[in-house]
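Colleague: I'm new to this one, could you walk me through it?
Modeller: Gladly, here it is.

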Amino acid sequence: MNVKKILQDNDITPTLQRIVILNYLMSSSKHPTADQIFNDINQDQNVTISKATVYNTLNYFIEKNLVIKVMTSKCTQPHYDYFLKPHFHLICSKCGKIIDANYDNFNNDLNHMVLEAQKNEFKVSNESINLYGVCKTCLENDEEDSDN
């Protein structure tokens, strides 16, 4: 998908920095922190972007509902996710891993939740659904530890 067009479609001026940051988020499956975005872009790209620009751009993308902030219990910094396809997150309470999870009725269920909020005279500004538990790797590590 064309990053410049996505920005324009969301009434965001497509500056070089915004294009690079959004492209990074769209191609990343690791839900990076702002510091990870800053470090990776400045190491891997032929462009230098200040840390303040990364933070300001992420906040602007959130304001425009283009990116969401994901918090885990293990990290002091938020993680960021480009919300291309509606999904929810599975967050491991042991290691902090974030996994994208999709299912066919997500939009339908989310619409029902938003309607319930409206019935309660609550205006929803954005949505993010997180389920917390223990990932497969941590479960397997726990089983190995208990076997010893």
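Modeller: One term before we start: a residue counts as buried when its relative accessible area is under 20%. Please also keep in mind that this is a predicted model.

Colleague: Okay, so is Cys-138 buried or exposed?
Modeller: Cys-138 is buried, because its relative accessible area is 10%, and Cys-135 is buried too, with a value of 8%.

Colleague: And how many disulfides turn up in the whole structure?
Modeller: A search of the whole structure finds zero disulfides.

Colleague: Switching topic, what is the strand order in the open sheet?
Modeller: The open sheet has three strands in the order S4-S3-S5, and the pairing is mixed. Its edge strands, each pairing on one side only, are S4 (98-101) and S5 (130-133), and the twist from one strand to the next averages 25°.

Colleague: How many bridges join S3 to S5?
Modeller: Four bridges join strand S3 (residues 88-92) to S5, and the two run parallel; within this pairing, Leu-90 has Leu-131 of S5 as its bridge partner.

Colleague: What about the largest pocket, what lines it?
Modeller: The largest pocket has a volume of about 190 Å³, and its lining residues include Ile-62, Phe-83, Leu-110 and Glu-127. By class, the lining has six nonpolar, three polar and two charged residues.

Colleague: Which strand gives the largest share of that lining?
Modeller: Strand S1 (residues 67-70) gives the largest share, with three residues.

Conventions
Residues numbered from 1 in each chain as written. Predicted model: local features only at pLDDT ≥ 70, side-chain atom pairs only at ≥ 80, totals over all residues. Heavy atoms only, no water. 1 Å grid on protein atoms, 1.4 Å probe; cavity = no way out; pocket = protein on both sides within 12 Å on 5 of 7 lines; lining within 4 Å. Points joined across faces, edges and corners; volume = space filled by probe spheres on them. Nonpolar A, V, L, I, M, F, W, Y, C, P; charged D, E, K, R; others polar. Pairing = 2+ DSSP bridges. Axes fitted to C-alpha atoms, helices over the stretch in contact; angles between N-to-C directions. Disulfide = S-S within 2.5 Å. Buried < 20%, exposed > 50% of the residue type's maximum accessible area, 1.4 Å probe, protein only.
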